[in-house]
Amino acid sequence: LPAVRDFTGRDPREVLHEVYGYDAFRGDQADIVQHVVDGGDAVVLMPTGGGKSVTYQVPALVRPGTGLVVSPLIALMHDQVEALIANGVRAGYLNSTQAPAERQAVEQAYLAGELDLLYVAPERLNGAQTLGLLSRGRLSVIAIDEAHCVSQWGHDFRPDYLALGDLAERFPGVPRMALTATATPETAQEIVERLRLRDARGFVASFDRPNIQYRIDAKVDPRRQLVQFIRSQPEGSAGIVYALSRKTVEQTAAYLSSQGLNALPYHAGLDSSVRATHQSRFLREDGVVMVATIAFGMGIDKPDVRFVAHIDLPKSVEGYYQETGRAGRDGDPSVVWMAYGLGDVVQQRRMIDQSPGDRSYKMRLGQHLDAMLALCETVGCRRQNLLDYFGQRSEPCGNCDTCLTPPDTWDGLVAAQKLLSTIVRLQRERGQAFGAGHLIDILRGAKTERISQQGHDRLSTYGLGADLSDQDWRSVIRQLLARGIVVAQGDYGTLALSEASAGVLRGETPVPLRRDALGRTGGGGGGGS
Ligand code: ADP
Ligand code: ZN
């Protein structure tokens, strides 16, 4: 281990060089560091990989006392602290996974003024014990990482964060920083208010990741599409495939392996030794495809992830941005791809309906989903839509699927009216409601047992939509759902009218629809069967 050194009062740039081996600060780093070294509060919005750690670690080293870092990622604390110690920084952490003797040693070091950085889980700061301890030592700076967790409207709310506002009164004179990689303008405002950072200076980095190409395709045969997408990437590319359920993760990993790809599963239900092995193979070997739930990726520092694929729809734009942001941290060209379909919309609406929580909680989840769907269905630039969500204006990027291949649109008014009238007739005349599959059978004039049993071949709309294929209809319904022109209800995702339906039935609301371009992602045509 390098000898322990004291950096108090040193020049921040020299510290950067000596501790981390970097030649210069990047972007806003130098300004942020100077502002905090001078005793100012700061709110830092910087995308993942932007280099937030340095902005609180350097002031912690330069100012006298210990830098307190509040982080919810307990699993990462150990690694972060080890890395600091390996660089000659006196660091420690306090969390619930620790043995009492180890905790006492860290507490003693803090009180003796022998720590530069102390990582603490937010729940620890909710109790008098840790706060008492901190008051008896000397803090140099307080950094609240993942500060968006304080937002009750965000996708990652943690109640323990609400108490962190009290740190302002408890430690007056200690500069405080809030840092996050995901904040809409509303969330940023909430951070400022709840953490009492009204006098803080804001530092907002661009959220654009220009080396990432964004692509979203209609889901038809997701496994085959996924293999085709991976094969279209340069040989030996490392990538992450995200799925929602453990079962899908395992099945997909097995399928990719059967297709000759070097794929491994990763989810919280796997044995911890298996997870550790898979993670280290992903980090060390070339061309490993990690198929994972969103549990995977936080704190994984692999700069050359060349692609990220989503085979299930993320629950929010924040989540999508965070997960796709794990691609191309080295700045080299990378591609993120998602397959998204009608089933995703129905499933997520159902999950929201069934989730515990009050009306406003469900409304909030619904708004997150709506923003995600708007990104999926946009006929404009994906990047522009994404950046706009984070309050940043931009021009069309030229490096996303809609910029590279502008989608065709068509007038879907008549198709939408046929669907809506079928739903209305079934409801009014028979008190019945059905899911997309059966409605499409009616519209296309299918001769199924269910249709003859129910006498649905006598409906006036039976066979009226035979001009569109089954796939076309799924695309229509998916887009109508995304825009709230129909809604999916109950366990079976039966379709019903919404307030927005009336305008369409009267022919007053235009319904331009995206024509799904299937298989655009494929490198060489064909693909496995
Ligand atoms: P964040 O916390 O914002 O996701 P990190 O602090 O983990 O980002 O930094 C991301 C990567 O950038 C790390 O690999 C880090 O070593 C590197 N990095 C940060 N600042 C600099 C710098 N000034 N010069 C070179 N590399 C840097
Ligand atoms: Zn674009």
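Colleague: Leaving aside its neighbours within four places in sequence, what is Met290 in contact with?
Modeller: In this predicted model, Met290 is in contact with Ile240, Leu264, Tyr266, His278, Phe282 and Phe296, once neighbours within four places in sequence are left aside.

Colleague: And which residues have the most contacts inside the largest nonpolar core?
Modeller: Met290 and Val291 do, in a core of 83 residues. There is also a second, separate core of 59 residues, and Leu16, Val70, Tyr93 and Ala178 are among its members.

Colleague: Back to Val291. Which residue is its bridge partner?
Modeller: Val241 is the bridge partner of Val291, which sits in strand 11. Strand 9, residues 238-242, pairs with strand 11, residues 289-292, in the parallel sense over four bridges.

Colleague: What order do the strands of the open sheet take?
Modeller: The order is 8-13-12-9-11-10, six strands with parallel pairing.

Colleague: Which ones are the edge strands?
Modeller: Strand 8 (212-218) and strand 10 (263-266), each of which pairs on one side only. From one strand to the next, the twist averages 15 degrees.

Colleague: New topic. Where is Leu464?
Modeller: Leu464 lies in the loop between helix 19 (449-454) and helix 20 (470-482).

Colleague: Why does Leu464 count as partly exposed?
Modeller: Because 19 other C-beta atoms lie within 10 Å of Leu464, and a buried residue needs 20 or more.

Colleague: What is Leu464 in contact with, apart from neighbours within four places in sequence?
Modeller: Lys418 and Leu443.

Colleague: How many Å separate the C-alpha atoms of Leu464 and Ile32?
Modeller: They are separated by 63 Å, and the two residues are 432 residues apart along the chain.

How values were computed. Residues numbered from 1 in each chain as written. Chains lettered and ligands numbered in written order. Predicted model: local features only at pLDDT ≥ 70, side-chain atom pairs only at ≥ 80, totals over all residues. Core = buried A, V, L, I, M, F, W, Y, C linked by C-beta atoms within 7 Å. Buried ≥ 20, exposed ≤ 12 C-beta atoms within 10 Å, placed from the backbone. Contact = placed C-beta atoms within 7 Å. Pairing = 2+ DSSP bridges. Helix = DSSP H or I, 4+ residues; strand = E, 2+ residues; numbered from the N terminus. Axes fitted to C-alpha atoms, helices over the stretch in contact; angles between N-to-C directions.
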